[in-house]
Amino acid sequence: MSTSRFANSSTTFDVVGIGNAIVDVLVQTDDAFLEQQGLQKGGMALIDEQQAEALYSASGPGLETSGGSVANTMVGIAQLGGQVGFIGRVRDDQLGSIFSHDIRAVGARFDTPAATSGSTTARCLIYVTPDAERTMCTFLGASTQLEPDDLDLSMVKQTKVLYLEGYLWDSPAAKRAFIAAAEACKGEGGQVALSLSDGFCVDRHRDSFLDLVNGHVDVLFANESELTSLYSTDDFDSALAQVKGCCSVAALTRSERGSVVLSGDQRWDIPSYALGDLIDTTGAGDLYAGGFLHGYTQGLALEACGQIGSICAGQVVTQLGPRSQVSLKDLVAQHLS
């Protein structure tokens, strides 16, 4: 299949992402630390600035890198050779500088001006226990201050796909920015992709997400718990039947059981790729989306898009952090040849 799946023929970017600009602080720790800090293992808690400072001080040495779900996806696409841009808000502080330098260093265009007042840059403290389970504490800080005025609509109009994260729905201002960007992209013949982000996020905004999926999204990414939450069911097959036909493509991940890709009446079951010992699941869904969208914007068949996503996810879980430490491009060439 050629790239004729896109109506806008002259574009600068394959994918432009809008998401929370977060610095990930990855810390390897044990269950005792989680208990000590009163953290629910495997959970994702939103915390305030004071809690963020206290936890950061109590933590051992960590790996600090630009993160946030959509930013991770953009980096994956850039590593595969795609042209990407990112829109998100940081503060003019140390973590803001880390984020900006880090995402530009991998080849993403990032021009959103840093906030000069208000909350500090967002951070996510990710505690990885020996069983590879991750427990996340997120302070959203400056990332929630993204307003429609901050959008570089020229970037949005120059992309094949605009990729948005469901987490933005938690901030009314960011939500408005999200809708304005989607309309501008669609107006130029681009497509809109959405990640549902997190089961709890879906619980908070179910009606809005159903509305989005039914009329505004071309490509939907969700994992099993997010999809079943969206349709208020415990049964994955029942949720599959309901999402079928709501958007052009749905790419639905199931951890070690691989993923299911739906388009119209067609279904592809994509196996997972075990590329080493499981170390840390941070970024697995983000890298799956990156691999899938890279294939999609290059005009590859949907089954191949799912396989590329699976390979990228299979690699990132064998290491600490959401940035592949080996060439994704070479890995995909090796496994798909």
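## Sheets and helix packing in a predicted model

Nine strands make up an open sheet with mixed pairing, in the order β6-β5-β1-β9-β10-β11-β12-β13-β14. The model described here is predicted. At the edges of this sheet lie β6 (109-110) and β14 (266-270), each of which pairs on one side only. Strand β13 (residues 259-263) pairs with β14 in the antiparallel sense, over five bridges. In this pairing, serine 263 stands opposite glutamine 266 of β14.

Helix α12 (residues 302-316) lies across β12, β13 and β14.

A second open sheet has five strands in the order β3-β8-β7-β2-β4, again with mixed pairing. Its edge strands are β3 (44-46) and β4 (63-67), and each pairs on one side only. Strand β2 (residues 22-28) runs antiparallel to β4 and is joined to β4 by five bridges. Leucine 26 stands opposite leucine 63 in β4. Helix α4 (residues 94-105) packs on this sheet, where it touches β2, β4 and β7 (122-128).

| α12 (302-316) | β14 | about 25° |

On the α3 side the contact is made by Ser69, Asn72, Thr73, Gly76 and Ile77, and on the α11 side by Asp286, Leu287, Ala289, Gly290, Leu293 and His294. By class, the residues of this contact are four nonpolar, six polar and one charged.

Aromatic rings count as a pair when their centres lie within 6.5 Å, and the count comes to 11 aromatic pairs. One of them is formed by phenylalanine 86 and phenylalanine 99, whose ring centres are 5.7 Å apart; their planes are at 45°, so the pair is tilted. This pair links distant parts of the chain, 13 residues apart: phenylalanine 86 is in strand β5 (residues 84-87) and phenylalanine 99 is in helix α4.

Key. Residues are numbered from 1 along each chain as its sequence is written. This is a predicted model: local features need pLDDT of at least 70, side-chain atom pairs count only at pLDDT 80 or more; totals for chains, interfaces and linings use all residues. Side-chain values use heavy atoms; hydrogens and water are left out. Contact means heavy atoms within 4.5 Å. Helices (H or I, at least four residues) and strands (E, at least two) are DSSP runs, numbered from the N terminus. Ala, Val, Leu, Ile, Met, Phe, Trp, Tyr, Cys and Pro count as nonpolar, Asp, Glu, Lys and Arg as charged, and the others, Gly among them, as polar. Two strands pair if DSSP finds at least two bridges between them. Axes are lines fitted to C-alpha atoms, for helices over the stretch in contact, and angles run from 0 to 180 degrees between N-to-C directions. Rings of Phe, Tyr and Trp (its six-membered ring) pair if their centres lie within 6.5 Å; planes under 30 degrees apart count as stacked, over 60 as edge-to-face and the rest as tilted.
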